[in-house]
Amino acid sequence: MKRFEVIVLGGGSAGEYVATGLARAGRGVALVEASRVGGECPYVACMPSKALLASAAARHRALRAHTLGGTAGPLSLDDPAAAWAAAVAHRDLVAAFRDDSASARSVVEAGVTLVRGFGSIAGPGHLEIYGEDHVWDDLVIATGSAAMIPPIEGLADVGFWTSDQALSADMLPDSLGVIGGGPVGCELAQVYARFGVSVTLIELADRLVAAEEPAVSELMADALGSDGVTLELGCRVRTAVSTPEGIALTLEGARHGQVVVSQLLVVAGRRPAVEDLGLETLGIEAGTKGLQVDSHCRVVGQDHVWAAGDVTGVAPFTHTANYQARVCITNLSGGDASADYRAIPRCVYTDPALASVGLTVSGAVASGVDIAVTSAHVEQTARASSDGPPGGLLMLVADRDRQVLVGASAIGPHADEWIGEAVLAIRAEIPLAVLAEVVHPFPTFSEVYEPALRELARSAGKV
């Protein structure tokens, strides 16, 4: 039997953060992880995808400049295979070649006891790892999420990629079918299309990134379409069959009844990773969205069980996981921290990027907010003139009664960076009249806020 003050089950972003933070504060902590320390983000998700997107954008800009400049002679980046090989090399370097040795060493050096293996809760205060009992005073569940596979006839027989495989494979397929038009589907569709792959993206909803503003979704569709991605929106994949020509997908509600691709990628969402954890021994029942936690990140109905990251189903991003980890560390160290999710940014790192925070128009209306809404076009900024296309859009939603910003949605170059102004405004509840007087550097894309905020303040009746 081994006893610890805190056992952290799952060594992804949240788990690693909690374990090292508590260990550095002098707590006796064990971190239990069956796969890689650091989880998916550094190795087969966030970091490799951003590396590939950066390479794809660099190639796209070089080819566009080559064409616009009328330069004579071939450009080495014209060869998709050679460019892809260079991009893969960069991706693998950024992802540390999917080797977690450095992360594991860092955790141990912080004073954490690292236990490699799958942990299952055996009862209150007990975690079993390969038959060995580990005793805890507090347990933090940070097991993350897993790919959700839709019930498509024949899918299991054709051989498909999830995002893990798409972000670690060396192969550049001739054609790619992408099932899922959320953030990951959009990002990977653009990556492969910009390296010369014929990409068809299939989405059940009638628009991409359907949780975001319709106008922003429309511009995302335009961006992917300009890269050559064929969009089949509002349709369902009924069957998948291997044929001599490739994987044949039968579609319902699409312009084309059948699509044949050489490789299939399924990115149809994520589900909380709670299987076989032994939650029932504590009387915990996970919902479809994950473990229900209170504002302190304590699992509802439990005094000594906490959760952080994707397993909670709350805004499943790495930055949310790290935020919840900080809340857990404070509360497990005797403090009193509460999570506030009103201003968690949501980003799609395509080119142009999509970024949003807070409430959409429909979400604000459903919440009973008396709203004022305005928008501004990114191409009206001087920076858009100097940098050239693409353009973009900023939409702002304000609460008339409280005179504060409650939502922002944007698509445009580097929107993932300049959305930070709206994040701060919403989190700090800065008055619209103050926001309308903010001066932005010239020339930057952030200047798009100025006319939008002045109009919003006027329409809300205070300026």
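Guide: In this predicted model, five strands form an open sheet in the order 17-18-21-20-19, paired in the antiparallel sense. Strands here are DSSP runs of E with at least two residues, helices are runs of H or I with at least four, and both are numbered from the N terminus; two strands pair if DSSP finds at least two bridges between them. Strand 17 (346-348) and strand 19 (371-377) are the edges, and each has a single partner strand, so one side of each lacks a neighbour in the sheet. On average, and with direction ignored, neighbouring strands are turned by 10 degrees against each other. Such angles are taken between axes fitted to C-alpha atoms, for helices over the stretch in contact, and run from 0 to 180 degrees between N-to-C directions.

Within the sheet, strand 18 (residues 353-358) and strand 21 (residues 404-412) run antiparallel and are joined by six bridges. Ser409 of strand 21 is the bridge partner of Ser356. Helix 14 (residues 420-428) packs on the sheet and touches both strand 18 and strand 21, contact being heavy atoms within 4.5 Å. The direction of helix 14 makes about 165 degrees with that of strand 21. Helix 16 (residues 449-459) also packs on the sheet, where it touches strand 19, strand 20 (393-399) and strand 21. With the direction of strand 19, that of helix 16 makes about 155 degrees. The loop between helix 15 (432-435) and helix 16 holds Pro443, and the peptide bond that joins Phe442 to Pro443 is cis, with omega near -5 degrees.

The bond from Asp351 to Pro352 has omega near 5 degrees, and Pro352 lies in the loop between strand 17 and strand 18.

Helix 3 (46-68), helix 8 (183-194), helix 12 (382-387) and helix 13 (415-418) each supply at least two residues of the lining. The largest share comes from helix 3, with eight residues.

Helix 3 also contains Ala58. With a relative accessible area of 36%, Ala58 is partly exposed; buried means under 20%, exposed over 50%, and partly exposed in between (1.4 Å probe, protein chains only). Ala58 and Met47 are 11 residues apart in sequence, and their C-alpha atoms are 17 Å apart in space.

Strand 12 (residues 246-252) runs antiparallel to strand 13 and is joined to it by four bridges, with Val261 as the bridge partner of Ile247. Their hairpin has five residues between the strands, and Gly253 there takes a positive phi near 90 degrees. On strand 14 (residues 263-266), Gln263 and Leu265 point one way, Leu264 and Val266 the other, and all are buried. Strand 14 pairs with strand 8 (residues 175-179) in the parallel sense over four bridges, and Gln263 is the bridge partner of Leu176.

Cys297, in the loop between strand 15 (270-272) and strand 16 (305-307), has a phi of about 70 degrees and is buried at 0% relative accessibility. Ala315, in the loop between strand 16 and helix 10 (318-332), has phi near 40 degrees and is partly exposed at 23%.

Residues are numbered from 1 along each chain as its sequence is written, and side-chain values use heavy atoms, with hydrogens and water left out. Local features need pLDDT of at least 70 and side-chain atom pairs count only at pLDDT 80 or more, while totals for chains, interfaces and linings use all residues.
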